[in-house]
Amino acid sequence: MRIGIVILPDQRWSDSRRRWQQADEWGFDHAWTYDHLGWRDLVDGPWFDSMTTLTAAATVTSRIRLGTLVASPNFRHPAAFARQVTALDDVSGGRVLLGLGAGGIGFDSAVLGGETLPPRQRVDRFAEFTELLDLILREDGTTWRGEWFAAVDARNNPGCVQQPRVPFVVAANGPRSMRLVARFGQGWVTTGLGGDDLESWWSSVAELSARLDATLEQAGRDPVTLDRYLSLDSAPAFSLTSADFFAEQVARAARLGFTDVVTHWPRASSWYAGDEAVLVRAAELLPELRRA
């Protein structure tokens with residue numbers, strides 16, 4: 001079991017730098033930030049660019065893997081994004097995990113003035129985004145045209161440090177997105193399907209895990225070639241309510257076959273409100289939790 005943490009990009013670097021360094025020193029396996037132009041009711045507060053934040057984090061850490069949770073085509077084009085990803089992989093010395101998702105509705109889908117797409121079209125766009133990004137990161141001089149994106153002689157020199165490209169951790173709950181996981185993903189990340197209580201959420205996670213197994217079997221892909229990430233804080237209860245509760249949630253994820261879990265750095269209020277002292281205690285338990 002590998003354990004990661006999300007650090008929201010809602011603080012100036014002079015304040016958030018300590019968090020990234022601490023996550024590295026504590027021994028977390030990966031650290032992530034949200035790839036949004038603004039997020040939910042935090043849109044009126046401070047918010048910073050994910051790729052710039054991750055690049056800064058790469059310069060003050062040495063071991064921990066760094067990722068987007070998750071980048072989407074809501075405001076990104078594969079050709080331009082590939083250049084950013086390649087630069088981040090270079091600066092970090094090959095420590096990038098690229099979380100990718102279809103993109104939801106809300107600020108990101110509205111701020112550029114475009115229409116809000118229904119779910120089917122968002123997945124159509126996501127499929128093109130993922131396929132084209134994969135091509136550009138692996139091959140130099142990509143020319144490609146689809147319904148949503150196009151590229152003409154898109155370059156990737158010098159290519160990623162990680163070959164043939166950085167790992168894709170694909171967010172998927174539905175059948176079409178899961179087929180993208182089977183085709184392009186080195187990892188799968190899920191948030192579950194919601195639920196009014198903790199047990200119903202865990203039931204949905206088990207259901208999705210079984211659905212992914214079936215998708216991989218249909219695609220002829222060996223399940224051991226895919227890492228499985230669970231965002232614990234999509235549950236109705238914050239995973240860092242207490243260190244004991246966190247340990248219980250990690251163990252439950254392990255029993256369902258997840259290789260990785262992700263929690264969030266506690267915030268003073270609103271989303272992921274909690275006590276940093278609990279995070280400190282959870283960090284002390286990391287060696288034990290990895291054996292969950």
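Trainee: Which residues does UniProt list for "domain: Luciferase-like"?

Mentor: The model is predicted, so local features need pLDDT of at least 70 and side-chain atom pairs count only at pLDDT 80 or more, while totals for chains, interfaces and linings use all residues. Residues are numbered from 1 along each chain as its sequence is written, and side-chain values use heavy atoms, with hydrogens and water left out. UniProt positions follow the numbering used here, feature names are shortened, and annotations may be inferred rather than shown by experiment. In an unreviewed entry, UniProt gives this domain as residues 1-229.

Trainee: Which backbone nitrogen does the side chain of E128 reach?

Mentor: E128 lies in helix α5, residues 119-138; helices (H or I, at least four residues) and strands (E, at least two) are DSSP runs, numbered from the N terminus. E128 is buried yet has no salt bridge, and R125, the nearest side chain of opposite charge, is 8.8 Å away. Here buried means under 20% relative accessible area, exposed over 50% and partly exposed in between (1.4 Å probe, protein chains only), and a salt bridge is a side-chain nitrogen of Lys or Arg within 4 Å of a carboxyl oxygen of Asp or Glu. At 2.7 Å, the side chain of E128 reaches the backbone nitrogen of W148.

Trainee: Which residue in β6 stands opposite R145?

Mentor: Strands β5 and β6 (residues 150-154) pair in the antiparallel sense over three bridges, where pairing requires that DSSP finds at least two bridges between two strands. A hairpin of four residues joins β5 to β6. Opposite R145 stands A150.

Trainee: What is the relative accessible area of D153?

Mentor: D153 is found in strand β6. Although D153 is not a glycine, its phi is positive, about 55°. D153 is partly exposed, because its relative accessible area is 37%.

Trainee: Is Y272 buried or exposed?

Mentor: Y272 lies in the loop between β10 (260-264) and α9 (276-284). Phi of Y272 is near 60°, a positive value in a residue other than glycine. With a relative accessible area of 13%, Y272 is buried.

How values were computed. Lys and Arg count as positive and Asp and Glu as negative; His and the chain ends are not counted. A polar contact is a pair of N or O atoms within 3.5 Å; within protein, one must be able to donate a hydrogen and the other to accept it, and residues adjacent in sequence count only if both atoms are side-chain atoms.
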